[in-house]
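Here are my notes for when you have the model open. Could you read them next to the structure and tell me where you see things otherwise?

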Amino acid sequence: MWTGKLEKLDEFRFLIPREYKKGMSVPGLVFTSEKLLSAIKEDQSLEQVANVATIPGILKYSYAMPDIHWGYGFPIGGVAATDWMKGVISPGGVGYDINCGVRLIRSNLQVEAVEKVRESLADALFEAVPCGVGEEGHLRLSYPELDRVLEGGVPVVVKMGYGWEEDVNACEEYGCMPGARADKVSSRAKERGRGQMGTLGAGNHFLEVQRVAEVYDEVTASAFGLFQNQVTVMIHCGSRGLGHQVCEDSIKVMRSAVEKYHIVLPDPQLACTPIQSPEGKDYFAAMAAAANFAWANRQTIMHFVRQAFSKIFHQSPRDLGLTLIYDVAHNMAKREIHRFNGKEKEVCVHRKGATRSFGPNRKEVTEAYRSIGQPVLIPGNMGTSSYVLVGTEQSMGETFGSSCHGAGRVMSRSRALKTLRGQDVVEILKKRGITVRAKSWKGVAEEAPEVYKDVDEVVRVVHQAGIARRVARMVPLIVVKG
Amino acid sequence: MMNERILQQEFEILEHTADAALKASGATPEELFSRLLKGTIYMVFNGYPESTAEQKKFLHLTAPSLEDLLIDFLNEVLYWIYYEKLVPIHTEEGGFQVREGEPWRLEGEFSCSRADFQRHPLQMDIKAATYHNLRVTERDGQLETTVVFDI
């Protein structure tokens, strides 16, 4: 139970004052509601918000989104922007699953079409997309191919035949982080990743066929190509073993860098280095490469999804309108320009379990959405809603263009296994019209709807606080889990 | 939330909201490392897979501190399990040595069995052992630590 000092600023904003902990150079700003706060206080995630406020060069606030939960070092659901020239970069502020993220695909189909083929579509998707712990994929890239993916991201796999040219424009950073260098990724990381392209993995990663259950903003929904009762597909996964290894390798380097640059930290997992140091530049280049791998991974999975739909509906993916709406990163450090103290400033925005939420008229947002803001994709869990939101002007001014990333866990895996059986979870979901295909009952129990926060409340908070605006809500029809 | 614990003989799996944590103690660094290794294997397979020694792995690690050495060791073993499909089975003291110094060193030979993921499916996808709040402390002649794993 966290019993630290928290000042209520308004209905959705709470402050951890700078004086709370020695070494905090900025306050903590927590976006939440009274309803979510009691669960947040049950673990030590707010202490982690205070810890992050001690990293050198942090600007304005150490932020916590309403889906915050206890991570390692940085909390999950945390945002920290540092001065690009004078601040630090921290692999712990990105996480092991670099560019874990979400993509959303729309279709021309309405829910009735899926009802007719629900079981066979579930089977086809489960077969098409390899998933599960340690599972390898249909592809094993050669080392030169992998290097091209690491430096080129989505455009490279599209050229290899896994997707359409227009998919590139529907990805954050156009599916390719600038500054990525394959030579900064270790051979072990490459070995871990080369057989995992096009695989979902396990844990909270999933593939869902969904139905648009509610549209809140017709104009923006229409711009994203969304309509009531439409069938959509959501893919949630990341950079697999390659990204984990990049993080592991980097934290080792950072442990020495902390001493070299005389950085004092309250938790060794916050290990960081000046962005402009050789260690910082190397990490950014390797992280960017892992991010490109993650985008390429989701792109390849989407290609398999299109093939599975095509097989079941006997129509081409283009005829089915299986178009990528957007792909967002949840775990990343990005070089961005934001207004700070009335001037434009180059910053490094760490988002660990948080989503970029850029409002209108930002050049980073693809032309099709530039006038309205970027889609912000918020997955729920296998029994609840997922959301599409849109970035806002307010998020640009208040949170360095950031918002929440999902529901956030409230129950540990071990407690879930003690109280829930995977078979029961699948049966209950079936009665609610949700078909589940999973590699393990244990995995299903660990990811049951009960273990997550109320995503509706999480989204209500960011919507009411104005750091993203609700556009549409989807509910699951078919869930594929590792 | 670490209030409810699953007690094992030589290690404890502690509750953690998003991740998993393992607590162990030992009279020597070797015993501490061995117990944490057993706990790690237990978490990966949700038990111990049946095994016979089929292959030996030699390991030589250096690190600036005991904590760094421990994390390197656990992450190395996780790599063996997930990617080389080898599970260390002889982890008792004597198989390897940990030596204090600048740097700290771990050296030794590990008998491993070939992992059969069909018979003993992987039950947990551990991304890595982390440094989160990591400290090896000594109390009453016992070294003690808690390692948080990213799941």
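The points below go from the sheet in chain A to a helix pair in chain B and then to the interface.

1. First, the ground rules: this is a predicted model, with local features needing pLDDT of at least 70 and side-chain atom pairs counting only at pLDDT 80 or more, while totals for chains, interfaces and linings use all residues. Residues are numbered from 1 along each chain as its sequence is written, and chains are lettered from A and ligands numbered from 1 in the order in which they are written.

2. Chain A has an open sheet of seven strands, ordered β1-β2-β3-β4-β5-β13-β12, and its pairing is mixed. Strands here are DSSP runs (E, at least two residues), as helices are (H or I, at least four), numbered from the N terminus; two strands pair if DSSP finds at least two bridges between them. At the edges sit β1 (7-10) and β12 (331-340) of chain A, each pairing on one side only.

3. Follow Leu15(A) to get your bearings. β1(A) and β2(A) form a hairpin with two residues between them, and they pair antiparallel over three bridges. Glu7(A) stands opposite Leu15(A), and in β3(A) the bridge partner of Leu15(A) is Leu29(A). β2(A) and β3(A) are antiparallel too, joined by four bridges.

4. Further along, five bridges join β4 (58-69) to β5 (76-83) of chain A, again antiparallel. Tyr63(A) has Val79(A) of β5(A) as its bridge partner. Helix α2 (45-52) of chain A packs on the sheet, touching β2, β3, β4 and β5 of chain A, and its direction makes about 165° with that of β4(A). Contact means C-beta atoms, placed from the backbone, within 7 Å; angles run from 0 to 180 degrees between N-to-C directions, and axes are lines fitted to C-alpha atoms, for helices over the stretch in contact.

5. Over in chain B, the axes of α1 (29-45) and α2(B) come within 11 Å and cross at roughly 35°. The contact includes Phe33(B) and Leu37(B) of α1(B), and Phe73(B) and Leu74(B) of α2(B). By class, this contact has 12 nonpolar, one polar and no charged residues. (Ala, Val, Leu, Ile, Met, Phe, Trp, Tyr, Cys and Pro count as nonpolar, Asp, Glu, Lys and Arg as charged, and the others, Gly among them, as polar.)

6. How many residues of chain B are in contact with chain A? There are 32, against 35 residues of chain A. On the chain B side, α2(B) gives the largest share, four residues. That side has 17 nonpolar, eight polar and seven charged residues.

Conventions
Two residues are in contact if their C-beta atoms, placed from the backbone, lie within 7 Å.
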